[in-house]
Each structure stands twice: as C-alpha cells, then as structure tokens.
Amino acid sequence: MMSIVLIICITVLIAGLLFMLQSGIQLELIVFVGVVTIETIALILTLARRKASPDTDQATVPVSDDATLAQSAQKSRTTDISEGLIHENPNDTEPVEHDTEEAGAPSDSTLLPATDETASSEEMYPEEDSQAPAQSNPLAHPSALVDSLTQAVNPLATLAELVEDTFDQVRKVPEPTYGAAETFARWLSEAGLGEDSDSEEAEMPRTRLVRLYRNSLAYIRIEQPETTYVARRKVLAVEAVLNRMLIVESLAGEGLSEDGEGELYRLAQSAQDSICAQAAQFEWAIGRRGGKDGEWAARSIIATQFESWTLPYRLEATFRCSTLNSEAAVEIRLPDPEVFPRSRWSRELGRVIPTTGFMRKRTASAYALRLGILVAAGMFEASGHLRHVHVAGVFDTARRHCCLFSVRFDADRFRMLVDLEAVSDPASIYRSCNARLHLTHGVLDPVDQHFSLDEERFCPRRRYATPELSKRVLPTAEGKMLGATRVADLGCDGEAKLRSLGDKLSRSLTDSCENNVRALLNLAYRENDAAVTEAAQRTSERLITGEVGLTPDEVVDDFVTGDNLTRSVNKALVDITHGRTQEAINNLADVLAPLEIEGAYEDQANITWRSFRSYAERALYNRLEAVEGEFCNIVPTAYYDAHLLLASALLERGHTDAALGEARLVSHLDPLDERARLRAVRALEVKGDIDGAMRELEELLELAYTPEGVAVGYYRLAFMCWQSGDIEGADACYRRALRFPSELSLAAATELTALNATNPSLLVNGAPDDEEVNQRLVERGIPLAPITPVTDALMECTAAAIDVEVFPVARSLARALARLSGDDAAFTIADSLENEPDD
C-alpha cells in the first residue's frame with residue numbers, strides 16, 4: 001500500500017512541475033515547490049512507518065558503557081578462536097521487549113562478534129572500539145620480549161609457548177603473511193626451541209636469561225654444573241636467534257612491523273656480513289689510564305671491546321699480550337655451524353628456502369674469518385705498542401679440538417690491507433698475510449696452529465717472580481697506587497722463602513735418609529738464615545728418628561710447615577671437629593704462651609706485624625690502613641690461625657671476654673678479614689652489647705671488598721635491626737645484602753619474606769627501590785658498602801699491578817675486582833692474566 005501511494009505522489013509531482021514550466025513560471029519558484037513537496041512526502045512516509053511498528057522506537061535504546069565494555073571484552077576474547085563458539089540462530093530477529101520486569105539483561109547476540117547474518121561491526125560496536133588495534137604478538141617486539149624474559153623462571157619454556165601460539169595463529173589463516181612475529185617464530189623453531197627431544201643429551205638445561213648492559217644483547221646462562229655438548233649448542237642457537245632479532249629490530253627501527261620476511265632476512269644477513277665495521281666505530285669505554293699506553297690500558301680496552309661489539313653469535317675468546325714485547329695472541333672459540341640459520345631468503349624464488357648442512361658450514365666459515373679480522377683490529381686499536389697480533393680460530397666439540405685458521409697479522413700491513421667498512425673477501429686478506437688457511441668450496445678445513453698462548457713472547461716469566469723475595473723497586477706512580485715502594489712490600493706469605501727453597505730442595509732429594517739429611521744441612525749452610533736453619537735441623541732430626549718419610553713430598557712438607565705452631569693448629573682443628581674444645585683451648589694456649597711472653601709479634605714504633613689472606617688484601621691494606629713510613633712484616637700463617645681458632649673455641653665454651661680479646665687481636669692482625677670481626681660481633685651479642693656489635697659490623701662494611709664480606713655484614717645488621725625494633729632498617733639491610741651474591745642469599749631472602757609478612761606496612765607503597773634502600777641506610781649511619789675509597793683503591797691497585805707486571809698480585813686483585821663488580825669486562829681482564837708458568 002505504501003509503495004502505491006509513493007508512486008502516485010511522485011507522478012503527480014512530476015506532472016505539476018511540467019505544467020508550471022510550460023506556463024512560464026520562473027525556474028527558482030518551480031525548484032522551491034519541488035523541494036517542499038518532496039520533504040512533505042518523506043514526512044508522511046515516516047509517520048506511516050512508525051504507526052505500522054509502534055515498539056521499534058522504544059526498543060532501540062543506547063547501549064550503556066558497561067554493555068559496550070562487555071561487548072569489546074567478548075570481542076577480544078573470541079577474536080583468535082575459530083572453533084567452539086555457540087552461535088545463535090541467525091534467522092532469530094525477534095525484537096527485544098522493553099518491559100520493566102525484563103530490562104537490563106542484553107540478549108546473547110549482543111555479546112557475540114558480528115557475523116554476516118547479524119549486524120555489522122559498525123552497528124554492533126562504538127566507532128572508537130572498531131578502530132582499536134589487535135593485541136600485538138610479543139615476538140614482534142624483541143627488545144621488550146628479552147626484557148620480560150629476564151624475569152622468567154624458565155625463559156626457554158616461555159619462548160617455546162610464544163612460538164607455538166604464533167604458529168597456531170598462522171594455521172588459522174588460509175594464506176598467512178609473514179611479518180616480524182611469524183618470521184622470528186620460524187627462526188626460534190629452527191633453533192630447536194619447542195621440539196620434542198628423544199634423548200637426554202639434547203634436553204634443554206635449566207637456564208636464566210640476562211641482558212648485557214654494554215651491548216644490550218641477550219645472554220643465556222646455564223644454571224646447572226654439567227650439561228651435554230648438544231644441549232649447550234641448542235642454548236647457544238636460541239641465544240643467537242634472540243640476538244639476531246634484537247639486531248634486526250635496531251636496524252629496522254619503527255619500520256619493523258611493516259617489513260616482510262624477505263627484508264628481515266636481508267637485514268640479518270647484512271648485519272652478519274658487516275661485523276668488521278664495528279672495530280672502526282668503537283669508542284673506548286675505559287680509556288688509557290692517565291694517557292698511558294701500557295698493559296692495563298691494552299687489556300681493559302680489548303676486554304671492553306669484546307663485551308661491547310654487537311655480534312649475532314656469542315664471542316668466546318682468550319687472549320694474552322705483552323706490550324713490552326709488542327706481541328699479542330688470541331684464540332677464538334668459533335661458533336658451531338649448527339647454530340647458524342636453517343633457512344634463508346631466496347631472491348630468485350621470492351620465498352624462504354631451507355639451508356643444508358654444507359651451506360651452514362660455508363656461512364660459519366665466512367663469519368669466522370670476518371670475526372678474526374674484527375678481533376685483530378680491536379687488539380691493534382687497544383695499544384700502539386702492539387705490532388703483531390696472532391689469531392687462531394679453534395673449534396671444539398665434545399670429542400675433538402681443531403684449529404681452522406692461524407695467522408700472524410702485522411700492524412702496518414693489516415692497516416694497509418683491511419678496509420673495515422667493506423670486508424667482502426676475508427680469505428684474501430688472510431692469504432696476503434701468509435695465514436695457515438685451507439678452504440674447500442668455501443668451508444674451512446683443520447690446520448696446524450702456529451702459536452701457543454703460553455709462549456714466552458706473550459707471557460714473560462719475569463712476571464711471576466715471588467713478590468716476597470723480589471728486590472725490585474716500583475716506579476713512583478705505580479708505587480703510590482699500590483701503597484708500596486718495593487715489590488716486596490706487596491707480600492702476604494710469611495713462609496714464601498721456605499716454600500721457594502722447598503721447591504729447589506725437592507730436586508736433590510732421593511729415597512736415602514743420609515742423602516736427604518745432607519741436602520737439608522747444605523741448604524741451611526748456604527742460606528745462613530735463622531728460620532731456614534731451624535727448619536732444616538727440625539726436618540733432619542725427624543728423618544733420622546723416622547717421624548718423617550723419605551719421599552720428597554713428605555720431606556718438603558715438613559720443612560715448610562712442620563713447626564710446632566702449625567702442628568698444634570692442625571691438632572686443634574681435629575679436636576674441635578670431634579667436640580674436644582677444651583683440649584684444643586689448652587693446646588693452643590700452651591703453644592702461644594712463649595710467643596706472647598716474648599712479645600714476638602708486637603708492633604713497635606713504625607714496625608708492624610700483620611697477616612693477609614691474599615695479595616689483594618695486602619695491597620688494599622697498604623692503601624687504606626697503613627700509615628706513612630710503616631714497615632710491615634708478615635706473621636706466620638699458623639700464628640694468625642691459632643688466635644682465630646682460639647677465639648672460636650672460647651666462644652663455644654662460654655668464655656666471652658677472653659674470646660672478645662682474641663677476636664680483637666685477630667682483627668688487629670688483619671683488619672680486612674671479616675671472620676675476625678664476626679667473632680667479635682658474636683661475643684658482644686652474647687654480652688648483650690648490641691650497639692657495640694652493630695658498630696663492629698659497620699667497621700666491617702667500611703673495609704669490605706668481597707661480595708661475601710659485604711653480604712654478611714648487611715645480613716647480620718639486618719637481624720640486629722629487626723631485634724631492636726628498627727623494621728625499616730632491617731628491610732633495607734636485607735635488600736642491600738641480596739645485591740651481592742653469596743651463600744647467605746637464600747637465608748637473607750627467606751628472612752626478608754618473613755619480615756615483610758609480619759610487617760605488611762613495609763610494602764604499602766610497594767617494595768622500596770635501590771635509591772630508597774640506600775637513603776634508609778644513610779639515615780642510620782650505615783655505610784654503603786663497598787664504599788668508594790675501597791672500590792677506587794681496588795681499581796687503581798689492579799691497574800698498577802698489571803702495568804708493573806707483578807702478576808701474582810695482579811691476578812689476585814683482578815679476580816677480586818671482577819667478583820665485586822660483576823663486570824664481564826673485568827672477568828675477561830682477569831682471564832687474560834696467565835697462570836704461573838711451570839718450571
């Protein structure tokens with residue numbers, strides 16, 4: 001009926017307009033009448049439609065904000081699901097009744113995504129929701145992904161789940177397009193992530209992921225003492241993929257999400273082929289100390305470069321150098337070809353194709369040669385004194401070791417041959433330098449290595465002269481840094497001379513008692529030293545009586561450590577272990593009494609007697625505690641151990657005052673040994689002097705230079721703060737202790753958890769950050785260990801000891817610096833200091 005009326009109206013309108021036009025009426029008036037007529041017809045039709053369906057206008061009420069959110073949430077939850085949804089009958093279009101008893105409950109169709117049979121997305125959802133982006137895949141954002149994996153308990157399992165989820169989404173699309181997330185998922189899958197392992201050998205080990213602060217790359221630490229070669233290789237393969245992802249992300253920038261898989265493959269390959277350019281762009285992170293180009297500067301710059309280069313595969317290298325000899329050497333442990341990509345982009349085919357084992361070997365060989373050039377360039381850059389750098393690329397598996405190239409680069413020729421910005425044919429550079437190199441169809445074959453890292457030219461023997469026996473005078477600048485004028489002022493071993501003579505003595509010993517006695521007496525005569533004569537006579541007598549065996553080891557051991565004091569300490573240890581504490585006390589008191597009466601090791605004027613556990617401790621004492629003009633002697637090790645044991649034994653027997661006196665004596669002998677301080681702390685605790693105990697711990701922290709020393713100081717302070725009611729102070733001490741890994745970390749974490757559980761107010765505003773923890777400690781007068789004077793002295797002493805080539809001292813200091821700082825470059829420096837050569 002409505003259609004007939006509409007047709008009649010339109011016919012009448014047209015006829016009227018034609019009549020008006022023929023009658024000469026103005027055109028403007030005709031148009032005006034036509035528009036008014038059309039609007040009138042539209043109004044009549046609208047009123048007629050409303051009258052036909054009176055409930056429609058009342059049913060189309062606006063959707064509330066809550067309903068809109070429910071729709072959006074339902075949409076996000078179901079977007080990735082293609083099966084299992086319960087759909088309504090699309091033909092069910094019955095309108096919702098607006099009734100006061102049933103209003104407020106939207107129909108099921110309102111909560112379902114729009115389908116072709118129901119409303120469109122524009123009708124179902126508000127306009128702003130229709131523009132909301134889909135949830136992004138974490139794999140598409142490598143940097144954020146790696147950051148999140150550092151917090152994961154099992155990072156490899158988390159990655160495997162992401163890969164599987166990504167593939168699940170890909171399978172749902174008939175013709176998927178591979179963007180960043182899908183391409184990266186393929187790389188991770190090819191590295192062996194998520195694949196089922198049929199053998200224990202290939203099972204993924206327990207791991208933890210950290211992010212390196214110098215180059216921001218990923219590093220996967222294996223958290224178990226032993227693992228198979230195959231499992232380790234899989235871990236390195238996954239790590240390599242993560243780092244390729246990070247490198248590609250940095251190269252692509254904001255365009256990463258728009259790049260197709262072909263471009264992502266191209267960027268990864270380009271980064272791999274241009275690693276040498278990094279040597280030309282590197283800015284020294286440490287710099288030469290005071291402008292001096294010496295051993296410390298060379299090693300610190302080399303180590304910093306190793307840790308700073310952005311490489312797709314883990315760099316494992318060991319180096320040696322001698323700036324005085326102008327020689328350096330490095331062994332690079334080359335990555336296994338099986339960690340290289342198992343697919344590549346074919347420009348000819350326009351798609352991804354798998355790589356064969358032979359192709360991966362070729363790729364690995366080309367990378368190895370470029371890596372050798374990069375490392376050599378970095379070492380030449382580190383010191384102007386280095387004229388020759390020897391480089392070997394070695395490949396180790398579970399069953400074999402081989403060298404794949406060996407070359408001696410000359411500084412001038414290297415700079416003439418190598419354009420670091422464009423190393424297109426690395427093999428030709430090696431051949432020009434007469435390298436030991438053999439390529440078969442682009443794959444490196446094993447060759448003989450032309451050098452060893454332990455050769456004299458790289459590791460001069462003079463570096464390992466015994467400091468206690470040295471007559472060397474230190475240069476003024478280095479001596480000031482070490483707090484010494486002579487190398488002997490860095491000694492820490494009271495028996496160093498006897499040990500050195502014992503080594504020489506062992507060469508003249510036989511299985512004849514007469515011959516061995518004669519050798520001992522001849523040694524005493526030649527040395528003309530009271531301590532040597534006493535040791536030789538004592539061991540000779542025991543040889544004659546049969547108390548000492550005839551083997552060289554037994555004779556030398558008695559010669560060096562066979563004195564009564566050492567024997568008494570060893571016996572006291574056995575007694576204490578078996579619960580005979582009082583017997584140990586009596587024994588130690590008897591053997592120490594004559595020495596105390598004599599005042600054998602009492603300080604006099606500028607002559608002091610001290611004990612040190614290491615060369616690092618001696619150097620730090622020189623810098624931090626020694627007074628100007630002090631002449632420091634070393635007490636026998638057994639003397640120090642005897643008093644330390646006596647303090648422990650007296651504490652156990654309840655002789656608190658006597659134990660405190662012994663502990664203070666031991667602290668005087670070695671102010672940097674936390675063991676003595678802790679015995680004094682315990683004695684004061686037993687006496688009820690908590691304030692005194694806390695002062696002792698604060699003094700401990702002021703000289704602490706090891707992670708264990710710092711951790712134990714804060715751990716003990718935390719408990720005392722807790723006991724005294726200072727809950728915030730206890731919380732801060734526990735948190736500070738946990739920054740330094742030690743055997744106490746688990747106990748500190750457990751007690752911190754208990755403290756927070758019993759005092760919820762501590763976490764009202766969340767856990768305090770490092771700055772807030774430090775502020776709480778400063779407010780209580782607790783040192784922020786390790787304090788700046790200690791860390792500065794440790795760094796300067798390490799640099800000076802390396803520069804003057806006193807390597808027994810340098811190794812001790814470098815290891816202490818590395819352990820305290822946790823810096824990978826510091827560990828690399830420590831590893832570069834060779835072991836003492838065999839005679």
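Tutor: Contacts between residues 24 or more positions apart make up 66% of the protein's contacts with a separation of 6 or more. This is a predicted model. The protein has 839 residues, and 46% of them count as buried. Its secondary structure comprises 35 helices and 13 strands.

Now the part you asked for. Take helix α22, residues 564-577, and helix α23, residues 581-598. Their axes lie 8 Å apart. The angle between them is about 165 degrees. Angles over 145 degrees count as roughly antiparallel. That is why α22 and α23 are described as roughly antiparallel to each other. Their crossing is left-handed.

Which residues of α22 and α23 meet? From α22 come N564, L565, S568, V569, K571, A572, D575 and I576. From α23 come T581, E583, A584, N587, L588, V591, L592 and L595. Sort the residues of this contact by type: nine are nonpolar, four are polar and three are charged.

Next, helix α30, which covers residues 727-737. Of its 11 residues, 10 are buried, so α30 is largely enclosed by the rest of the structure. The buried ones are I727, G729, A730, D731, A732, C733, Y734, R735, R736 and A737. What do they pack against? Their partners are three helices: α29 (707-723), α31 (745-758) and α32 (770-779).

Now the nonpolar cores. The largest has 95 residues. L188 and F409 have the most contacts inside it. Look at L188, leaving aside neighbours within four places in sequence. L188 is in contact with L139, L159, V163, L193, V238, V241, L242 and M245. There is also a second, separate core of 43 residues. Among its members are Y464, L482, A801 and V806.

Last, a loop residue. L469 sits in the loop between β11 (443-444) and α17 (476-482). Is L469 buried, exposed or partly exposed? Its relative accessibility is 36%. Buried means under 20%, and exposed means over 50%. L469 therefore counts as partly exposed. Beyond residues up to four places away in sequence, L469 touches A496, K497 and S500. Take A496: along the chain, L469 and A496 are 27 residues apart.

Definitions and conventions
Residues numbered from 1 in each chain as written. Predicted model: local features only at pLDDT ≥ 70, side-chain atom pairs only at ≥ 80, totals over all residues. Heavy atoms only, no water. Core = buried A, V, L, I, M, F, W, Y, C linked by side-chain atoms within 4.5 Å. Buried < 20%, exposed > 50% of the residue type's maximum accessible area, 1.4 Å probe, protein only. Contact = heavy atoms within 4.5 Å. Axes fitted to C-alpha atoms, helices over the stretch in contact; angles between N-to-C directions. Helix = DSSP H or I, 4+ residues; strand = E, 2+ residues; numbered from the N terminus. Parallel < 35°, antiparallel > 145°, perpendicular 65-115°, else oblique. Left-handed = near helix turned anticlockwise from the far one by under 90°. Nonpolar A, V, L, I, M, F, W, Y, C, P; charged D, E, K, R; others polar.
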